[in-house]
Amino acid sequence: AAAATALSSYVGAGVAIVVLSTKLKVRWSSRIPKVKELLPFLQISGALLVSSVLAGLTYSGTTRVVNSSGSVMESAAHQIGLQTWWFLSYFATPLALAAQSIAPRELAEGRPSIAKSLTNRIIVMSLTVACGVGVTNWALPTFVPAMFTQDAAVAKTLQSVTLKAMVAQVLITVGSVLDGVYIGTGRLRQYLFAGVSSTIVAWTMLYYGVGLQGAWTALVCLGLSRTLVNVGGLPRLYHKLWLLQSGKEKWQ
């Protein structure tokens, strides 16, 4: 499985390079770019890297907390719940990517009103998707446990955290899409602040948490804090878009 995952990643990256090079007519050069030229890319990639590392450490921390309880049933249930949670979380990725690509294009072309309208639609759509994946995360283990395991004890243990999994799924979905909105509109500080602050909250809960319940409580707190911080940043975002729309500021 690990080899297949690594191989598929390299193949996907290779295909993407070939396709983009062909469509964009990229000319390959041996010249090493200067740091000044790479700075805009490093700012975005650096923020994404920090956030991804923190998220990965948090998810790994939940597994450690569950395993430290010594319960085989809880460890098995957590792996099933986390994999289901991961799978459903990808449904929000297209919205986050849309926000990252469409908003800067419209802003660069001097159409902040369209960027604002699209941002509003993406946020509303994220709420719909969040509710859908959240209910799915709760319903499948509750009503169709045989999809995940034939062990009745593991299924019952998994069902004990389905409500928390649903809440965490909804919150993280909305928070992730808002992350994409902030990246697309160039508000990387807000994006990093949401990621770092929510990670601190989650790590605090993991430190005091015990077993399966403690791990999923931490994930709920991760999603809640991330979403609240991102929602709290929306007034500044809309004020920025208003300034651009009124011509008082220019997009850089």
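The accessible surface of the protein comes to about 14600 Å², and carbon and sulfur atoms hold 69% of that area. Accessible areas come from the Shrake-Rupley method with a 1.4 Å probe, and for residues only the protein chains shown count as cover. The model is predicted, so local features need pLDDT of at least 70 and side-chain atom pairs count only at pLDDT 80 or more, while totals for chains, interfaces and linings use all residues. Residues are numbered from 1 along each chain as its sequence is written, and side-chain values use heavy atoms, with hydrogens and water left out.

**Overall build**

The protein has 10 helices and 0 strands; both are DSSP runs numbered from the N terminus, helices being H or I with at least four residues and strands E with at least two. Along its principal axes, the C-alpha trace spans about 60 × 45 × 30 Å. Of the 252 residues, 38% are buried. Buried means under 20% relative accessible area, exposed means over 50%, and partly exposed lies in between (1.4 Å probe, protein chains only).

Among contacts with a separation of 6 or more, 79% join residues 24 or more positions apart, where contact means heavy atoms within 4.5 Å. There are 20 positive and 7 negative side chains, and the centres of the two sets lie 8 Å apart. Lys and Arg count as positive and Asp and Glu as negative, while His and the chain ends are not counted; the place of a charge is NZ of Lys, CZ of Arg, CG of Asp or CD of Glu.

| Residue | Relative accessibility | State |
|---|---|---|
| Trp-85 | 1% | buried |
| Ala-202 | 0% | buried |
| Arg-121 | 54% | exposed |

Trp-85 lies in helix H3. Beyond its neighbours within four places in sequence, Trp-85 is in contact with residues including Tyr-59, Asn-137, Trp-216 and Leu-219. Asn-137 is 52 residues from Trp-85 in sequence, and their C-alpha atoms are 6.8 Å apart.

Ala-202 belongs to helix H8. Not counting residues up to four places away in sequence, Ala-202 touches Thr-58, Ala-218 and Leu-222. Between Ala-202 and Thr-58 there are 7.1 Å, C-alpha to C-alpha, at a sequence separation of 144 residues.

Arg-121 is placed in helix H5 (residues 112–143).

On a 1 Å grid over the protein atoms alone, a cavity is a set of points where a 1.4 Å probe fits but cannot get out, and a pocket is an open set with protein on both sides within 12 Å along at least five of seven lines; lining residues have an atom within 4 Å of a point. Grid points are joined across faces, edges and corners, and a volume is the space filled by probe spheres set on the points.

Thr-58, Leu-222 and Arg-226 are among the residues that line the largest cavity. H2 gives the largest share of that lining, 4 residues.

The largest pocket contains about 580 Å³ of space. It is lined by 23 residues, and those closest to its centre are Trp-86, Thr-93, Ser-176, Asp-179 and Arg-226. The elements that each give two or more residues to this pocket's lining are H2, helix H3 (72–89), helix H4 (93–108) and helix H7 (162–184).
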